[in-house]
Amino acid sequence: MDISNRLSKNIKNGKLTSSRLNPVVTNAPTGTTPIHSKYNDETAAYYDTYAPYADNVFDAEMQGLDYSDFYKWTKVRIRSSNVINPSTGENLSIAWQSILILDRTVDFVPIGAYVRYNNATWIVYNPDNIASPTGNTIVIRCNTTYNTLDYYGNIVKTPMFFAKGTVLASSPYYMELSATLDGYQHVIMQLNDVTEKITNNTRIILGKSAFGMYGVSDFPEEFTGDLDSCHIFRADLRLQETVEADDLVNRVADGKYFSFVLDVGGSNVMYINEAQMLAVSARRNGETVMSTEENPITYVWTSSDESVATVDEYGVVTPVSIGYCQITCSIQQNPNITSAFGFNVVEREAQTYIDFITPIPDEIRSFETLNIEAAYYEDGQQTQDAIEYTLSRANENSYSYAVNGNVLTIQTYQPSDAPLEITASCNGYSTVKNIRITGR
């Protein structure tokens, strides 16, 4: 080993064994360990003893402290204080705070991490990650949320900070915006699996107003060349007109376009102790969807009266006494999505009738396709006799239909004030179902 290598090794060993240096193992990512050589044991002891008794101390939850799992929440104890403008010496808005993490094992705080304390969510904006004895950063209080819908229609709220920007004198919209908004809105939020879908021209709802996203900045990296270290998102908003499809109650742009409907069907007449499995299908935005590994659909079944009929986890209904019962199906991923199917339980006897054997929804939206099938029963047994379908009441321009065997296919085009009445007939027997045709 040459002299330079021995010297380098001795210096390294000296740093590791010195009692005057801080040997605490911290959360800093590999290759970014802050330099602690200027902090000796006395400084560390003072920190451990007195920091927990400082004023403005909060119990908090924070992301980013485990950099291998950036979005994991960790409970921490922090000290929060106002931020002083170095130019004027004045306090900045209460929306800006400087926080210190009261844990010597934490000396790295990544940009874009969320912090929750004092009944608010904050975003890490300007951390001190070089030569720091403990984690500290400037955070901004999120004062609104970006609302969108997940796959199942649940509202997802992403905390964000917004502030009124300055008027852009070169903008062709200057006069329009100066009269209504006095400039653009500037927003900052975390870059995650929700906000990564935002692009220029994405519309959002804030309050009762719609805005378009412009100047999207979703590429600032924590570590140069590491795309996975991008965790902060910035953009400017421009005021726009709301449209009919905007959900202003839940503040979701184009939220009324979304639909997730369950269709449940089976025999309208059931016999005591003769079980049957109800058919169920899901339609998302007009298209039939199945459960997948990425987007599982778990059905939950309940009976309105278990003294009349019970239902198991697979939708198998067992009638137990004479009466009327409703079976409700919902999905575990969004319990607000439900569909109810009603039927009568009767004693077993020879019967002749006609019945729909596929799930039929109470309503269908414009530009959707629906397949319906009915069957003729003789002495309680299903036959293959041909079914004749008659459609009436609804506006003729709102739908078209075709029949293939005993399957009726309906294509809708526009809403109708009157419901679509479907009559299935065979051998002098008939049954009727009404379906509303609504807009998107």
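The structure holds 10 salt bridges, a salt bridge being a side-chain nitrogen of Lys or Arg within 4 Å of a carboxyl oxygen of Asp or Glu. This is a predicted model, in which local features need pLDDT of at least 70 and side-chain atom pairs count only at pLDDT 80 or more, while totals for chains, interfaces and linings use all residues. Residues are numbered from 1 along each chain as its sequence is written, and side-chain values use heavy atoms, with hydrogens and water left out. Strands (E, at least two residues) and helices (H or I, at least four) are DSSP runs numbered from the N terminus.

**Salt bridge R203–D254**
- R203 forms a salt bridge with D254, with 3.3 Å between the closest N and O atoms.
- R203 belongs to strand 10 and D254 to the loop between strand 12 (232-240) and strand 13 (260-265), so the pair ties together parts 51 residues apart in sequence.
- D254 has a relative accessible area of 29% and is partly exposed; the class lies between buried (under 20%) and exposed (over 50%), using a 1.4 Å probe and protein chains only.

- K433 and D362 meet through their side chains in a salt bridge of 3.5 Å, N to O.
- Because K433 lies in strand 31 (residues 429-438) and D362 in the loop between strand 23 (353-356) and strand 24 (363-365), this pair ties together parts 71 residues apart in sequence.
- K433 is partly exposed at 22% relative accessible area, and D362 is partly exposed at 48%.
- E363 forms a salt bridge with R436, the closest N and O atoms being 2.9 Å apart.
- E363 lies in strand 24 and R436 in strand 31, so the parts that this pair ties together are 73 residues apart in sequence.
- E363 is partly exposed at 31% relative accessibility, as is R436 at 44%.
- Salt bridges with shared partners join R203, D246 and D254 into one network.

- Strand 28 (residues 399-404) and strand 29 (residues 407-412) run antiparallel and are joined by six bridges; strands pair if DSSP finds at least two bridges between them.
- N404 has V407 in strand 29 as its bridge partner.
- Two residues lie between the strands of this hairpin, and G405 takes a positive phi near 70°.

**Loop residue T199**
- T199 sits in the loop between strand 9 (185-190) and strand 10 (203-206) and is partly exposed, at 46% relative accessibility.
- Leaving aside neighbours within four places in sequence, T199 is in contact with M213 and V216, contact meaning heavy atoms within 4.5 Å.
- The C-alpha atoms of T199 and D218 are 9.1 Å apart, with the two residues 19 apart along the chain.
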